[in-house]
Amino acid sequence: MMTLVRAQEPGAHPRLLMRAGEEPKGVTEGLFKAADSVIVSFSRKTLKQPPVERTMIGRRLLHTSRTVLKRTFWLGYTYRVHGGEAYARRAIDEMLAASAFPDWNPSHFLDVGEMTMALAIGYDWLYDRMTPAERETVARAIIDKGLKPAGNKADAWFYRNENNWNSVCNAGMVYGALAVWEEDPEFCQSMLEKSLESNKLAYKAYAGGGYPEGYNYWGYGASFQIMLEAALDRAFKDGYVRSPEAEAGLAALVASADFIRFTRTPADHSYSFSDSYRRADGQYMQAWIFRHTGDASFLYPELRYMEASGYRRLCEDRLFPMFLIALGGDAPAHIDPPAGRYYQCGGTTPVFVYRSGWESKDDDYLGVKGGLAMSSHSHLDQGSFYFESDGVTWATDLGMQDYNSLESKGVDLWDMLQDSERWTVFRIGPFSHNILTVNGKVPKVNQVIDFLGTRRPDTPSAADPAGAELYLRPMYDDDLAYYLREVLFDGRDLHIVEHLQAGDSTCVIRWAMASEADASLPHEPAESAILLQSGPHRRELTAEFLAPYLSRFFPNAPKSGEADTPVLTPHRWPTTYDPEALAVDGMQYLHETDVANPGTSLVGFTFTLQPHQQVVLHVRLSKDL
């Protein structure tokens, strides 16, 4: 087990995040005023509300834990920055109520992690405002209901995990150990060392500069990882010195901040692959990234969005005081937009993004992703694309469905094998995503898809487009002998070029794209154009087959005219379950348990390839008719 570098006792209370005298200054002025007022307003309202009760939602106590964390953190901030005994007393009452729970639901250890952090912050910050009996009650709860349950290997599997659970649960354990250190120094030292050793695994998620679980889970996992890092930086008397391995992990975390600013779209959606919501909330932890890097441009898109939403749409809002704590009352005088237009990460989930600018909701935005369907929180969307222009999402990802809405109906979400029920959920499986399906099958979930190459010109043009190439045949190798996809944006039009060859059998291929625009199918069966329309905007989706010999990937293909060209049949498929129309093309891909998707279209084409037939399908999404 790792030994702490320069191990020592923590400093005096308060020691978590802000030592005495380190409270943000000038929070009632300028940049800080609106953010501070939101916290104070919530704290005032909380004074009139009763303390929390132990309420389970399905198998989770997580909502209750998060309520306690928000109330305790926001009330504690208000007390420390503005004073007011009522805020301290209300936070103490919240902690005493949670301390009285019989347990914090260790079978779902996220609940324990967040609750432990909640009481640790309150105990540390309000140590001098509690009576000795209150301190004893809260400290025992932190130890007995927070730290000790982590000794049960069946519940505390997060120690061996690399995803967001590692960051969240270990952050809770670190906060708990640091808060009550004096109660049992040897035990707290061992808990701290165990969590920091385990937490090395969490850094793997940031390898390649991205985050495999998507926009929302960066907001969750990285926010708690930052909370952990920030606690270590303030808790010890003479500072905390990380090991070289931890320094490298911290550098990877900081590098992933580009992932989160590039996966917020110009129209303030998220690039919603994996278990992400369409709505993009403010990622205020970029304030900590700014302090760590000195690059104020990380704040630009977040401040623009948070100010527009009145600081009320915040990712993991219970941690929002960290925005002001990280800035420390010292905002940069001027914040320029980011200079970059391109982003690419490797790791478990490779992502390519191009955006034409940072200052307008009408900017162009293209996202392309690879990855592994079996990775944490992933959907079966490898090779998919996302496209925004003029404020309209022409090619979208529907995002996640609330877990409890599925679990409460008996759906098994967490088995990720090939035949798992997870892939039958419409928003998770292949049939809602902007990919091909072949012969109605679920593509293979155990294949890692990376980019063959990306195109990143300084000025996109028809001659030199921006985009990515992916070799996708491993997902379809039961049916296809070859499949390469190019997704390219030339500054006006989006081009999706499919290089396909059938295997030994006939292949019925479904090319689909989900959109947040309305779709109209052509009037004539022979036409291949589908019209997408949103308000005053009109866009046309045109599909045409190019002669096989034009493909640089098929040098030995038959010349034009020597092979039959498949017939393209346009389709619009439903996106919401309808018991009167269960079967579509002989398939039942929507279920009663699937959430509705109003305002969306699912359009595309079907065609058939004969055995060994080669073809190039060129689909163009044109911005101008």
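A: In this predicted model, the largest nonpolar core holds 184 residues, and among these Leu119 and Phe323 touch the most other members. Helix α8 supplies the largest share of this core, with 13 residues. A separate core of nine residues lies apart from it, and its members include Leu398, Phe426, Ala512 and Leu602. As a general background, nonpolar side chains in soluble globular proteins tend to be buried together.

The surroundings of Phe323 can be given residue by residue. Leaving aside residues up to four places away in sequence, Phe323 touches Ala35, Tyr284, Ala287, Leu303, Met306 and Tyr311. Just after α11 comes glycine 294, with a positive phi of about 80°.

The loop between α10 and α11 contains alanine 280, which counts as buried because its relative accessibility is 0%. Not counting residues up to four places away in sequence, alanine 280 is in contact with Tyr215, Arg264, Asp268, His269, Ser270, Tyr305 and Arg313. Between alanine 280 and leucine 314 there are 8.5 Å in space, C-alpha to C-alpha, although the two are 34 residues apart in sequence.

Helix α8 (residues 215–235) also meets helix α4 (residues 109–125), the two axes coming within 13 Å and crossing at roughly 35°. This crossing of α4 and α8 is left-handed. On the α4 side the contact involves Leu110, Glu114, Met117 and Ile121, while α8 contributes Tyr220, Phe224 and Met227. Sorted by class, the contact of α4 with α8 consists of six nonpolar residues, no polar residues and one charged residue.

The axes of α6 (residues 164–179) and α7 (residues 185–198) come within 9 Å and cross at roughly 160°. Because angles over 145 degrees count as roughly antiparallel, α6 is described as roughly antiparallel to α7. The crossing of α6 and α7 is left-handed. Here Asn166, Asn170, Met173, Val174, Ala177 and Leu178 of α6 meet Cys188, Met191, Leu192, Ser195, Leu196 and Ser198 of α7. The classes in the contact of α6 with α7 are eight nonpolar, four polar and no charged residues. In general, an α-helix has 3.6 residues a turn, so residues three or four places apart point the same way.

Some backbone details complete the picture. Most residues other than glycine have a negative phi, and most peptide bonds are trans. Glutamate 316, in the loop between α12 and α13, has a positive phi near 50° without being a glycine, and it counts as buried because its relative accessibility is 15%. Asparagine 439 likewise is not a glycine and has a positive phi, of about 55°. Asparagine 439 lies in the loop between β6 (436–438) and β7 (451–455), and at 30% relative accessibility it counts as partly exposed. The peptide bond from histidine 13 to proline 14 is cis, with omega near -10°, and proline 14 is placed in the segment before α1 (30–46).

Methods:
Residues numbered from 1 in each chain as written. Predicted model: local features only at pLDDT ≥ 70, side-chain atom pairs only at ≥ 80, totals over all residues. Heavy atoms only, no water. Axes fitted to C-alpha atoms, helices over the stretch in contact; angles between N-to-C directions. Helix = DSSP H or I, 4+ residues; strand = E, 2+ residues; numbered from the N terminus. Parallel < 35°, antiparallel > 145°, perpendicular 65-115°, else oblique. Left-handed = near helix turned anticlockwise from the far one by under 90°. Contact = heavy atoms within 4.5 Å. Nonpolar A, V, L, I, M, F, W, Y, C, P; charged D, E, K, R; others polar. Core = buried A, V, L, I, M, F, W, Y, C linked by side-chain atoms within 4.5 Å. Buried < 20%, exposed > 50% of the residue type's maximum accessible area, 1.4 Å probe, protein only.
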